[in-house]
Amino acid sequence: MDDTRWLDRGQMAAWVRFVAVLELVPGVLDSQLRHDSGVTHFEYFVMAVLSETPGGTMRMTELAGATSATPSRLSHVVARLEGRGYVERSPCPDNARATNARLTEGGREKMRAAAPGHVAAVRRHVIDVLTPEQVTQLTAISDAILGSVAPVGPMAESYRRYDEPGEESS
């Protein structure tokens, strides 16, 4: 007996569009960052995570968790960033077996230079094509999906870091 709960036409329409968004938006953002700043979207993300930590420093294992990267992928990306002077690795003072990654001043400068173009691309392709109500709905929809795929773990807390009222970004 087939117990498969097939999608109806309305659900299929939503699913196909959602998959298209998942496939197309990362490429658009990656292309903009590569063209304008010479970094990939994932490299930018790694530097952004480091930039939001005290001292711009994290253990590599924590950084891998915070970016949902395998240790191997993160190591390769950090090596590239290190080669360009944006990140440096050093032994962790608390654990001789661990390695820390730290955003350098050159990395901070790269982030300051890349951020305006990246934010403009996010606005142009995602935020500004939605109404304020749709942005609120996008947050709720994303929360529901994240609750299913990442209910706990290193990144779960970071998803809500901008929920608290605070100073608006310009």
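## Leu-50 and the nonpolar core

In this predicted model, Leu-50 touches Gly-56, Thr-57, Met-58, Leu-63, Val-87, Ala-101, Arg-102 and Leu-103, when residues up to four places away in sequence are left out of the count. Leu-50 also belongs to the largest nonpolar core, a group of 25 residues in which Leu-50, Val-46, Met-47, Leu-63, Leu-74 and Val-87 touch the most other members.

Several elements contribute to this core, with at least two residues each from α2, α3 (60-66), α4 (71-83), β3 (95-103) and α5. Among the contributors, α2 gives the most, supplying 7 residues.

## The sheet

Three strands, β1, β3 and β2, form an open sheet in the order β1-β3-β2, and their pairing is antiparallel. The edge strands, each of which pairs on one side only, are β1 (57-59) and β2 (87-92), and from one strand to the next the twist averages 30 degrees.

The pairing of β1 with β3 runs in the antiparallel sense over 3 bridges. Met-58 stands opposite Ala-101 in β3, and both of these residues are also among those that Leu-50 touches.

## Where α2 meets α5

Two packed helices are described by the angle between their axes and the distance between the axes. For helix α2 (residues 41-51) and helix α5 (residues 105-127), the axes come within 10 Å and cross at roughly 120 degrees, and the crossing is left-handed.

On the α2 side, the residues that take part are His-41, Tyr-44, Met-47, Ala-48 and Ser-51, and they meet Gly-107, Arg-108, Lys-110, Met-111, Ala-114, Ala-115 and His-118 in α5. The residues of this contact divide into 6 nonpolar, 4 polar and 2 charged.

## Gln-32, a buried residue in α1

Gln-32 is found in helix α1 (residues 9-37), and it counts as buried because its relative accessibility is 9%, below the 20% cut-off. Leaving aside residues up to four places away in sequence, Gln-32 touches Ser-37, Gly-117, His-118 and Ala-121. His-118, one of these neighbours, is also listed in the contact of α5 with α2.

The place of Ser-68 is in the loop between α3 and α4. Its phi is near 55 degrees, which is a positive value in a residue other than glycine.

Terms used: Residues are numbered from 1 along each chain as its sequence is written. This is a predicted model: local features need pLDDT of at least 70, side-chain atom pairs count only at pLDDT 80 or more; totals for chains, interfaces and linings use all residues. Side-chain values use heavy atoms; hydrogens and water are left out. Axes are lines fitted to C-alpha atoms, for helices over the stretch in contact, and angles run from 0 to 180 degrees between N-to-C directions. Helices (H or I, at least four residues) and strands (E, at least two) are DSSP runs, numbered from the N terminus. A crossing is left-handed if the near helix is turned anticlockwise from the far one by less than a right angle, and right-handed if clockwise. Contact means heavy atoms within 4.5 Å. Ala, Val, Leu, Ile, Met, Phe, Trp, Tyr, Cys and Pro count as nonpolar, Asp, Glu, Lys and Arg as charged, and the others, Gly among them, as polar. Buried means under 20% relative accessible area, exposed over 50%, partly exposed in between (1.4 Å probe, protein chains only). A nonpolar core is a set of buried Ala, Val, Leu, Ile, Met, Phe, Trp, Tyr and Cys residues joined through side-chain atoms within 4.5 Å. Two strands pair if DSSP finds at least two bridges between them.
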